[in-house]
Amino acid sequence: MRFIIHGAGAIGGTIGARLYQHGRDVVLIARGAHFEAIKEKGLSFKTPQESASLPIPCVSHPSEIAFKPDDVVFMCTKTQDSLEALDALRQAAGEAVPVICAQNGVTNERLALRRFENVYGMVVMLPASHLEPGVVQAESMTTTGILDAGRFPSGKDALIEEVAVDLAASRFSALADARIMRWKYAKLLRNLGNALQALCGPSLTEGRDILRLANREALACYDAAGIDCASREEEAERRADHIQMAPVEGQSRGGGSSWQSIARGAGSIEADYLNGEIVYMGRLHDVPTPANLVLQRMGNGLVREGAAPGCYTLDQVRERIVEAGGRF
């Protein structure tokens, strides 16, 4: 089995690095300066215990790969980049190549299933960062992360069982799960704070009231739509003590994926597919979602204005939520 990592940023780069380090056949797909840096010097992979330069094969587009029958693709782009990435992959590899959506949100699997025969969802609990070209770091000391997966919309098969075995042998905790989407909907709840972190900075200790309101709105939408999701207790049991954060080269982790996108000047943010997913569901089912709407709008505003992460206060966000009809 060969693993094609489509989007070798924080998540994709870490998955590819660990698989490569443990003897698996890996090809990375990266873009722009990140691709150039990997091509020239290898992928610089840093953890609390190591710093390595890995000569992983890397291309800038799926068309540069001669696809083989045993290839499996990890789709690791941000959701806003998925359509372009999926279309390029289909043109290069055909519709039969298995696609594992190792991405936040719940939109990617639907996009992929329109284009590919075998699509899998993956829940990503993996603290990692990508802030400069050619460099990816993973911040957990023991298990690198949790990567459970299953067929979309449900079920599991021999392929995803084999993928889970390979990941488990590469310093991940990985299980094949026939009901993977209930875990992805639970993970979406945790990602509703991504935009708030980009707006107000990595530490959200004083912003828990905003996060609680965003989560209440989401759960009301889930209830109206008849969507099941894993409970906090189930998540805590699955997470256990697998992920233990530690500084990398003396530096503690900054923020999550949205904070990193703004800090890196990526030119886009996932808010439309995280908070925006809840807004979409609320509009479908007549459920008010003012907190998620404000986080979506303000997150997108950071990109539009070219602002730096952390340029708003929590009180400014609260004021806008109240103006939009939210009640704390």
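The model is predicted, so to speak of local features a pLDDT of at least 70 is needed, side-chain atom pairs count only at pLDDT 80 or more, and totals for chains, interfaces and linings use all residues. Residues are numbered from 1 along each chain as its sequence is written, and side-chain values use heavy atoms, with hydrogens and water left out.

Let us begin with the strands. Helices (H or I, at least four residues) and strands (E, at least two) are DSSP runs, numbered from the N terminus. Two strands pair if DSSP finds at least two bridges between them. Look for Tyr120, which stands opposite Arg151 in β11.

Another pair to find is β9 and β10, which are antiparallel over 3 bridges. Their hairpin has 2 residues between the strands, and Gly134 there takes a positive phi near 85 degrees. Ser129 stands opposite Gln137 in β10.

On a 1 Å grid over the protein atoms alone, a pocket is an open set of points with protein on both sides within 12 Å along at least five of seven lines, whereas a cavity is a set where a 1.4 Å probe fits but cannot get out; lining residues have an atom within 4 Å of a point. The second largest pocket holds about 160 Å³ of space, a volume being the space filled by probe spheres set on the points, which are joined across faces, edges and corners. It has 14 lining residues, and the closest to its centre are Ser129, Leu131, Glu132, Gln137 and Glu139. Strands β9 (128–132) and β10 (135–138) are the elements that give two or more residues to this lining.

The structure also holds 1 cavity of 30 Å³ or more. About 40 Å³ of space lies in this largest cavity, and among the residues lining it are Gln103, Met122, Lys184 and Leu188. Here β8 and α6 are the elements that give two or more residues to the lining.

Now for the interior. Buried means under 20% relative accessible area, exposed over 50%, and partly exposed in between (1.4 Å probe, protein chains only). A nonpolar core is a set of buried Ala, Val, Leu, Ile, Met, Phe, Trp, Tyr and Cys residues joined through side-chain atoms within 4.5 Å. The largest such core has 61 residues, of which Val99, Leu196, Leu199, Tyr222, Ile278 and Val317 touch the most other members. Helix α6 (residues 180–191) supplies the largest share, 7 residues. Apart from this core lies another of 39 residues, including Ile11 and Phe35.

In helix α11 (residues 275–285), the buried residues include Ile278, Val279 and Met281. Among the elements that cover the buried residues of α11 are α6, α8 (208–225) and α12 (290–305).

Our last stop is Tyr312, in the loop between α12 and α13 (314–323). Is Tyr312 buried or exposed? Tyr312 is buried, with a relative accessible area of 15%. Leaving aside neighbours within four places in sequence, the residues in contact with Tyr312 include Leu199, Met298 and Arg320, where contact means heavy atoms within 4.5 Å. Tyr312 and Leu199 are 113 residues apart in sequence, yet 5.5 Å apart in space, C-alpha to C-alpha.
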